[in-house]
Amino acid sequence: MTKLIIILLSAVFINNYVLSRFLGICPFLGVSKKLDSATGMSLAVIFVMLMATAVTWPIQMYLLVPNDLGYLQTIVFILVIAALVQLVEIILKRYVPSLHKSLGVYLPLITTNCAVLGVTILNIDEGYSFVEAMVNSLGSGLGFFLAMVMFSGVRSTIEGSDIPKSFQGLPITLIAAAITSLSFLGFGGVIENLFA
Amino acid sequence: MNTLKNFTKGLIKENPVLVLVLGTCPTLATSTSVINALGMGAAATVVLLCSNIVISALRKVIPDKVRIPCYIVLIAGFVTAVQMLVKAFAPALDKSLGIYLPLIVVNCIILGRAEMFANKNKVFDSAIDALGMGAGFTLALFLMATIREISGNGTFCGIEIPVLIDNHISIMTMAPGGFFVFGLLIACVNKFAKNKPQKKNFDCAGCPQAELCGKTSCDEEKKEAAVND
C-alpha cells in the first residue's frame, strides 16, 4: 500500500509529466490559455491514460512478451491508443453525450499526445505490476491536471501584463513555465522522506 | 536552385523547432547535453527522411480518408527500426535518450512534414525537405544543448571548460532551465526575424494537430462542436 501511495505522489509531484519529464508539452502550451479548456483537456488525458494502460499492459505482458514480439511495442501501443481514442469518442457520443460535449473536442488531439504513449511505455520499462501501472497512470494524469490548471492561472495573469515585444506570445509563456517548473523542484525528496 | 531552397528553408526560415514550434517535447528533454541532442537529432532525421520518402512515394496509393493512421503505422515502423539500430550500435545513447527514442513516433515534426509536404510533392523534393527539416531540428537542439551544457555543466561534449566547470549553474540542465533557454531562443528569433508574420495564433502553435485540424484556434473547434450538437 505504501508503495502505491509513493508511486501516486511521486507521479503527481516529483516526476510531473509536464514540468519535469517534458511529456505533453504541446497541449500544455496550446490549451492552457483558459481554465475550462485546460480542465477539459486534462480530464480527457486522465481518462485516456487509464484506458490506455488498462489495455496496453495486458497486451504487452500476455501477448507480446510470451510470443517474443517485444520489439513491436511502439507500433502496437500507438495503434492501440489511436483506436482506443476513436472508440471512446464514438461510445461517449452515443451513450454519454453530456460527457462527450465536455471532453469530446479534446479526444482527437490526445492521439498524438506524447504523455499518453509515454506513460504506457514507462509503465512497462519500470516493471510495474498491473495495479501499480494503473496507479502510476492515475498519478501521471493528475500531475498533468495539476500542471495545466496551475499554469492556466499563471497565463491569465500574463495575458494582461505589459511584455517586451519580442517576448510576447510563446517566449513569455515558456519563461513562466520555467518558473512554474522551478516551484515543482521543491517537492524533490519530500515523498521518500515522508514514509521513511 | 529550388532544391537548395527546399533544403535551406528548414534550417532557418521554417526551422521546425524555433519558428514552427513543433516537436517541443524532445527538444526540451534531450537538450541537456550536446551528445544527447545530436543523437536525438540524427535519429529523428533518419525517421523523417525514411517516412517522407515512403509517404511521398505512396501518396497516390494511400486513400485520403485513412491517411493519418497509415502515416502513423509507417512512422512507427521506422522508429522501431531506428530504435533497434541505436540499441545495437550505441547502447549508451539508447540509455540516455530512454523513453524519448520511441516517442519519436508522436513527434509532431514528422507527422507534420508528411501532411504538409510529403503527400503533395515528389519523392526527391520530399527527401530534400526531410533532410532540411532534420538538419533544422538538429541545429536547434544543438544550439539549446550547447547553451544548457556549457552554462549548466561547465562542459561541452563532455570536455571540461576551465573556469566554467567550477562555476556551473546546475539549474540550466534541469527542467526549468530547459523552458527558460527555449523561451529566450524563441524571443531571439522573434527579434531578428522581422518579416515573420507577427500575428501568430499561439493557441494552435504548440498543438500537434494544428496543421491537421486546419482551424485557427481550438476554441473555434469547440464552438463548432457545440453548434453541431
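**Domains and folds**

Reply: Chain A is assigned domain 1 (34-153) and domain 2 (162-196). Such bounds come from an automatic or database domain assignment. This is a predicted model: local features need pLDDT of at least 70, side-chain atom pairs count only at pLDDT 80 or more, and totals for chains, interfaces and linings use all residues. Residues are numbered from 1 along each chain as its sequence is written, while chains are lettered from A and ligands numbered from 1 in the order in which they are written.

Me: What separates the centres of domain 1 and domain 2 of chain A?

Reply: 24 Å, with the centres taken over C-alpha atoms.

Me: How many helices and strands in chain A?

Reply: Chain A has 10 helices and zero strands. Helices (H or I, at least four residues) and strands (E, at least two) are DSSP runs, numbered from the N terminus.

Me: Why is chain A as compact as a globular protein of that length?

Reply: Its radius of gyration is 18 Å, close to the 16 Å that the globule rule gives for 196 residues, so chain A is as compact as a globular protein of that length. The radius is taken over C-alpha atoms, and the rule is 2.2 Å times the number of residues to the power 0.38. Along the principal axes, the C-alpha atoms of chain A fill a box of roughly 60 × 50 × 30 Å.

Me: What share of chain A is buried?

Reply: 49% of its 196 residues. Buried means 20 or more other C-beta atoms within 10 Å of a residue's own; exposed means 12 or fewer, and partly exposed is in between, with C-beta atoms placed from the backbone.

Me: Switching to phi. Which residues have a positive value without being glycine?

Reply: F22(A) has a positive phi of about 60° and is not a glycine. D68(A) is also a non-glycine with a positive phi, near 60°.

Me: Where are F22(A) and D68(A)?

Reply: F22(A) sits in the loop between helix 1 (2-14) and helix 2 (25-30) of chain A. D68(A) is in the loop between helix 3 (35-64) and helix 4 (73-95) of chain A.

Me: F22(A), buried or exposed? And D68(A)?

Reply: F22(A) is buried, because 27 other C-beta atoms lie within 10 Å. D68(A) is exposed, because it has 7 other C-beta atoms within 10 Å.

Me: Where is A147(A)?

Reply: In helix 8 (residues 130-159) of chain A. A147(A) is buried, with 25 other C-beta atoms within 10 Å. Beyond its neighbours within four places in sequence, A147(A) contacts N16(A), V18(A), L19(A) and F28(A). A147(A) and A38(A) are 109 residues apart along the chain, and their C-alpha atoms are separated by 9.5 Å.

Me: OK, chain B. How many helices and strands?

Reply: 12 helices and two strands. In sequence order, the pattern is α-α-α-α-α-α-α-β-β-α-α-α-α-α. Of the 229 residues in chain B, 46% are buried.

Me: Why does the span of helix 7 of chain B agree with its length?

Reply: Helix 7 (residues 123-153) has 31 residues, so at 1.5 Å a residue it should span 45 Å; its end C-alpha atoms are 42 Å apart, which agrees. The expected span is 1.5 Å times one less than the number of residues. Just after helix 7 of chain B, G154(B) takes a positive phi of about 75°.

Me: How many residues of chain B are in contact with chain A?

Reply: 47 residues of chain B contact 40 residues of chain A. Helix 9 of chain B gives the most to that side of chain B, with 11 residues.

Me: What does V181(B) touch?

Reply: Setting aside residues up to four places away in sequence, V181(B) touches M144(B), I147(B), R148(B) and M172(B). V181(B) is in helix 9 of chain B. V181(B) counts as buried, with 23 C-beta neighbours inside 10 Å.

Key. Contact = placed C-beta atoms within 7 Å.
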